[in-house]
Structures are given as C-alpha cells and as structure tokens.
Amino acid sequence: MERSFMRRAIELSVENVRRGKGGPFAALVVSNAGIIATGTNLVTSTCDPTAHAEIVAIRAACLALSSFQLSGCDIYTTCEPCPMCLGAIYWARPAKVYFGNTHADAAKIGFDDSFIYQQLPIPGPERAIPMIQFMRDEAQAAFQEWERKTDKIPY
C-alpha cells in the first residue's frame with residue numbers, strides 16, 4: 001500500500017467535484033513503474049452511466065498497456081467499488097484493490113448501490129427492470145461460432 005497513490009486519488013476526486021465533471025470519485029491503476037492511468041467519475045459530464053472512476057481508469061490503463069488485463073497492477077480508488085465496477089475489476093484481473101470510503105459512506109451522500117445487490121438474487125422477470133430471455137436458440141449461433149474458432153484469444 002502506497003499512501004501517496006491514495007492521496008493522489010483523493011486529490012483527483014476533490015478536483016473532480018470542484019470542476020463539476022461528475023461524482024466525488026477517482027481511481028488510479030498502478031504498477032511497479034508507477035501510475036499507469038487515472039480516472040475520475042465522468043457520468044454527468046459525458047452522459048455515460050458507465051463512466052465511473054474505476055471504469056475510466058481501467059479503460060485508460062488497458063489502452064496504455066495494450067492489454068485487456070491488468071495483471072500485476074493495483075487499483076487505488078477513493079470508494080469501495082460499486083457492483084458494476086467490481087465486475088469490471090474482476091474481468092481486468094488486477095492484483096489488489098485499495099479503497100478509501102465504504103459503500104455505506106457513499107450511500108450517505110446519495111450514491112446508494114444496495115438496490116442493485118438486492119436485485120441480483122431475484123429471478124430476472126421479477127426484477128425492478130424485468131430481464132426476459134428469448135430467442136436463445138438463435139443467439140446460440142455466435143457461441144457456436146466462438147467454440148469452433150481456432151484462433152480465439154481466451155479470457
């Protein structure tokens with residue numbers, strides 16, 4: 001754990017609030033060589049609900065490394081990752097994640113993701129946003145093509 005990396009993430013989150021670019025969140029992707037990429041919450045300024053700080057930082061780091069994985073890297077984020085960011089973090093496969101504020105702290109200032117966690121165990125059609133499966137047989141075509149592909153890059 002490097003305090004300087006978390007301090008930098010905190011500075012970026014405060015700057016982001018002052019500039020009005022998005023919520024009070026920032027993240028860094030760090031390797032042994034230092035900071036690879038930074039990200040701040042840009043949801044409102046980019047009209048992109050997926051532009052959370054961790055996602056922005058992961059995208060930038062992967063581009064910088066020309067890799068879809070962050071093996072050997074750490075993520076420093078100013079808040080415990082939301083469910084979407086947590087999923088992205090697992091797909092990116094960093095070594096560790098360090099966070100400052102908790103999800104309970106975020107909920108206190110209006111960023112409550114507990115609703116999403118509550119929706120996960122509910123069957124798809126019964127969720128607040130119903131999720132209805134259809135045309136599975138036709139959709140299988142792409143999966144079958146993937147299975148037959150000999151030069152695929154597994155991930």
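Select the cysteine side chains to begin: the count of disulfides (pairs of cysteine sulfur atoms within 2.5 Å) comes to 0. Cys62 takes part in no disulfide, and the nearest cysteine sulfur, that of Cys73, lies 8.3 Å away. Cys79 is likewise in no disulfide, with the sulfur of Cys82 as its nearest cysteine sulfur at 8.9 Å. The model is predicted, so that local features need pLDDT of at least 70 and side-chain atom pairs count only at pLDDT 80 or more, while totals for chains, interfaces and linings use all residues. Residues are numbered from 1 along each chain as its sequence is written, and side-chain values use heavy atoms, with hydrogens and water left out.

Remain with these two cysteines and display the surface. In what follows, buried means under 20% relative accessible area, exposed means over 50%, and partly exposed lies in between (1.4 Å probe, protein chains only). Cys62 is buried, at a relative accessible area of 15%. Cys79 is buried too, at 5%.

**The whole chain**

Now switch to a cartoon view. The chain has 7 helices and 4 strands; helices (H or I, at least four residues) and strands (E, at least two) are DSSP runs, numbered from the N terminus. Their order along the sequence is α-β-β-α-α-β-α-β-α-α-α. The C-alpha trace spans about 50 × 40 × 25 Å along its principal axes. Of the 155 residues in the chain, 31% are buried. A contact means heavy atoms within 4.5 Å. Among contacts between residues at least 6 apart in sequence, 45% join residues at least 24 apart.

**Strand β1 and Ser31**

Select Ser31, which is placed in strand β1. Leaving aside residues up to four places away in sequence, Ser31 touches Ile36, Gly72 and Cys73.

**Helix α4**

Select residues 83-92, which form α4. Which residues of α4 are buried? They are Pro83, Cys85, Ile89 and Ala92. These buried residues pack against α3 (53-65), β3 (74-79), β4 (96-101) and α6 (114-119). Arg93 follows α4 and has a positive phi, near 60°.

**The pockets**

Rolling a probe the size of a water molecule over the atoms shows where empty space is left. On a 1 Å grid over the protein atoms alone, a cavity is a set of points where a 1.4 Å probe fits but cannot get out, and a pocket is an open set with protein on both sides within 12 Å along at least five of seven lines; lining residues have an atom within 4 Å of a point. Grid points are joined across faces, edges and corners, and a volume is the space filled by probe spheres set on the points.

The largest pocket has a volume of about 410 Å³. To find its centre, select Phe25, His52, Cys82, Phe111 and Asp113, the closest to the centre among the 22 lining residues. Three helices, α2 (43-46), α4 and α5 (103-108), each supply at least two residues of this lining. Which element gives the most to the lining? That element is α4, with 3 residues. By class, the lining comprises 12 nonpolar, 6 polar and 4 charged residues. Here Ala, Val, Leu, Ile, Met, Phe, Trp, Tyr, Cys and Pro count as nonpolar, Asp, Glu, Lys and Arg as charged, and the others, Gly among them, as polar.

Next, select Phe115, Ile116, Gln119, Leu120, Arg127, Ala128, Ile129 and Met131, which line the second largest pocket. This pocket holds about 190 Å³ of space. Its lining has 6 nonpolar, 1 polar and 1 charged residues.

**The aromatic rings**

Finally, show the rings of Phe, Tyr and Trp (its six-membered ring), which pair if their centres lie within 6.5 Å; planes under 30 degrees apart count as stacked, over 60 as edge-to-face and the rest as tilted. The structure holds 5 aromatic pairs. Phe25 and Phe111 make an edge-to-face pair, 4.9 Å centre to centre with 90° between the planes. Phe25 lies in the loop between α1 (3-19) and β1 (26-31) and Phe111 in the loop between α5 and α6, so their pair ties together parts that are 86 residues apart in sequence. Phe25 is buried at 15% relative accessibility, whereas Phe111 is partly exposed at 36%.

Move on to Phe68 and Tyr155, an edge-to-face pair at 5.6 Å centre to centre and 65° between the planes. Phe68 is partly exposed, at 42%, and Tyr155 is exposed, at 58%.
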